[in-house]
Amino acid sequence: MSVITEHHVNFYDTDAMAVVHHANYIRWFETGRVEYLRKYGITLGEMMEDGYVFPITEVRAKYVSPGRFDDTVQIETTAKALTRAKMAFNYRVFNKKTGVLMVTGFTQNVFTHSDTGKITRLPEKYYRKLQQAMAEEQQAAAEAEKQE
């Protein structure tokens, strides 16, 4: 039940070696994370209006195969863990045309109050939607395992 987001690699996404600069994958993780939340009825704009922000406290990336200008990539975002104070995501970035895995990644985000910057518990209106998303992902994964 991952969320798939596409990105067309622009020239400015590449470095002097004509491959995607490594920092862009971290940006694309954010694109995937925002789309994941949106799929489940949560926008960062609404969260910020309610006084909550969602900063990263940990990020990892493993580079497997380079991306190049004009590739179309698919960013697969899956929720890994959820508590009322934090959420973690896994990512896989593929070349859409070839299916080659380019990068795997992980982020951990915490829910903080925008006024204080302190970690806070996510209100029920958001937490319930994210719990539902996690339940749907677990169910989809279990069904996929049965079919294998």
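**Strand β6 and its sheet**

Q: In β6, which residue is the bridge partner of Tyr91?

A: The model is predicted, with local features requiring pLDDT of at least 70 and side-chain atom pairs pLDDT 80 or more, whereas totals for chains, interfaces and linings use all residues. Residues are numbered from 1 along each chain as its sequence is written, and side-chain values use heavy atoms, without hydrogens and water. Strands (E, at least two residues) and helices (H or I, at least four) are DSSP runs numbered from the N terminus. Within β6, Tyr91 has as its bridge partner Gly105.

Q: How many bridges join β3 to β6?

A: Two strands count as paired if DSSP finds at least two bridges between them. In β6, Gly105 is also the bridge partner of Ala61, and Arg60 stands opposite Phe106. Strand β3 (residues 56–63) runs antiparallel to β6, and the number of bridges joining them is 7.

Q: What is the order of the strands in the open sheet?

A: Strand β5 (residues 86–95) pairs with β6 in the antiparallel sense over 9 bridges. The edge strands, each pairing on one side only, are β1 (3–8) and β3. The open sheet of 5 strands, with antiparallel pairing, has the order β1-β4-β5-β6-β3.

Q: How many of the 10 residues of β6 are buried?

A: Buried denotes under 20% relative accessible area (1.4 Å probe, protein chains only). Helix α1 (residues 22–39) lies across β1, β3, β4 (72–82), β5 and β6. Strand β6 (residues 101–110) is mostly covered, and of its 10 residues the number buried is 8.

Note on methods:
Buried < 20%, exposed > 50% of the residue type's maximum accessible area, 1.4 Å probe, protein only. Contact = heavy atoms within 4.5 Å. Axes fitted to C-alpha atoms, helices over the stretch in contact; angles between N-to-C directions.
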